[in-house]
Amino acid sequence: MLKRLLPRQENFFMLFQRAADKLVLASTEFTHLLQNLHNQQHYVDAIAKHEEEADLIAHTNFELLHKTFITPFDRHDIHELTSTLDDIIDLINRIAQRFPFYQLASVPKEAIELSELSTEATNYLKKSIYCLHSLKNSTEIFNYCNEIDNVESKAHQVVLAGEKDLFFEENDFKQFFKMKEIYSHIKLVINRCQDVANILKGIILEYS
């Protein structure tokens, strides 16, 4: 186990887990936002709070990295993992902040389906990060990362279907570009989850 080899790493793993918790909460709130547009400001505010707290977690992790001489794995990987996790919740917050002035009365079913897939991806990511403290969990980590790849493939098809419907059925150009941007941002959230999965797989391969 990495635990037995290196000191102070518990703090890094705890912070990664807290960041993953916040990410799942934010992605879940975003799905609720799309499902409850009549009460969207509540979810927008909740996501912003999660994002602020995630920023503090990332800042704490960077400070710990600066102060710690011996780290549980490569310093670059710790930096990349911290940064990319923070980037994902930033993306969720960024698109959520647009909703108050988008003034959408409804969204296509594909948008909701895509948001549900993003929550599925963040949950797999959380599970993999909770396994990261031990090399004995390498198989589980790889399995969760592969599930994220499967989610990304499904999301790609949902985006294609949603954009096809927009192209053929949406005559309001403002609505068209709003929804196209929403699809793009949610898909990017899933792509960034895939980036984190690749970082995790790299860490496991290096230390196995």
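1. In this note, Ala, Val, Leu, Ile, Met, Phe, Trp, Tyr, Cys and Pro count as nonpolar, Asp, Glu, Lys and Arg as charged, and the others, Gly among them, as polar. On that basis, the lining of the largest cavity divides into eight nonpolar residues, two polar and one charged. The structure under discussion is a predicted model.

2. Two cavities of 30 Å³ or more are present in the structure. The largest cavity has a volume of about 70 Å³, and its lining is formed by F16, A19, L23, A54, I57, A58, N61, T82, L85, D86 and I89. Three elements, α2 (9-35), α3 (40-67) and α4 (75-102), each give two or more residues to this lining.

3. The second largest cavity has a volume of about 40 Å³. S27, F30, I92, I95, S118, I186 and V189 line this second space, with α2, α4 and α7 as the elements that give two or more residues to the lining. By class, its lining residues comprise five nonpolar and two polar, with no charged residue.

4. Helices α6 (138-169) and α7 (173-207) each supply at least two of the lining residues, and the largest share, four residues, comes from α6.

5. Five nonpolar, three polar and four charged residues make up the lining of the largest pocket. For the largest cavity, the corresponding division is eight nonpolar, two polar and one charged.

6. A further point concerns a single side chain in helix α7, that of Q194. Is Q194 buried or exposed? Buried means under 20% relative accessible area; Q194 has a relative accessibility of 19% and therefore counts as buried.

7. Which residues does Q194 touch, not counting those up to four places away in sequence? They are I148, D149 and E152. With one of these, D149, the side chain of Q194 makes a polar contact of 2.9 Å to the D149 side chain.

Conventions
Residues are numbered from 1 along each chain as its sequence is written. This is a predicted model: local features need pLDDT of at least 70, side-chain atom pairs count only at pLDDT 80 or more; totals for chains, interfaces and linings use all residues. Side-chain values use heavy atoms; hydrogens and water are left out. Buried means under 20% relative accessible area, exposed over 50%, partly exposed in between (1.4 Å probe, protein chains only). A polar contact is a pair of N or O atoms within 3.5 Å; within protein, one must be able to donate a hydrogen and the other to accept it, and residues adjacent in sequence count only if both atoms are side-chain atoms. Contact means heavy atoms within 4.5 Å. On a 1 Å grid over the protein atoms alone, a cavity is a set of points where a 1.4 Å probe fits but cannot get out, and a pocket is an open set with protein on both sides within 12 Å along at least five of seven lines; lining residues have an atom within 4 Å of a point. Grid points are joined across faces, edges and corners, and a volume is the space filled by probe spheres set on the points.
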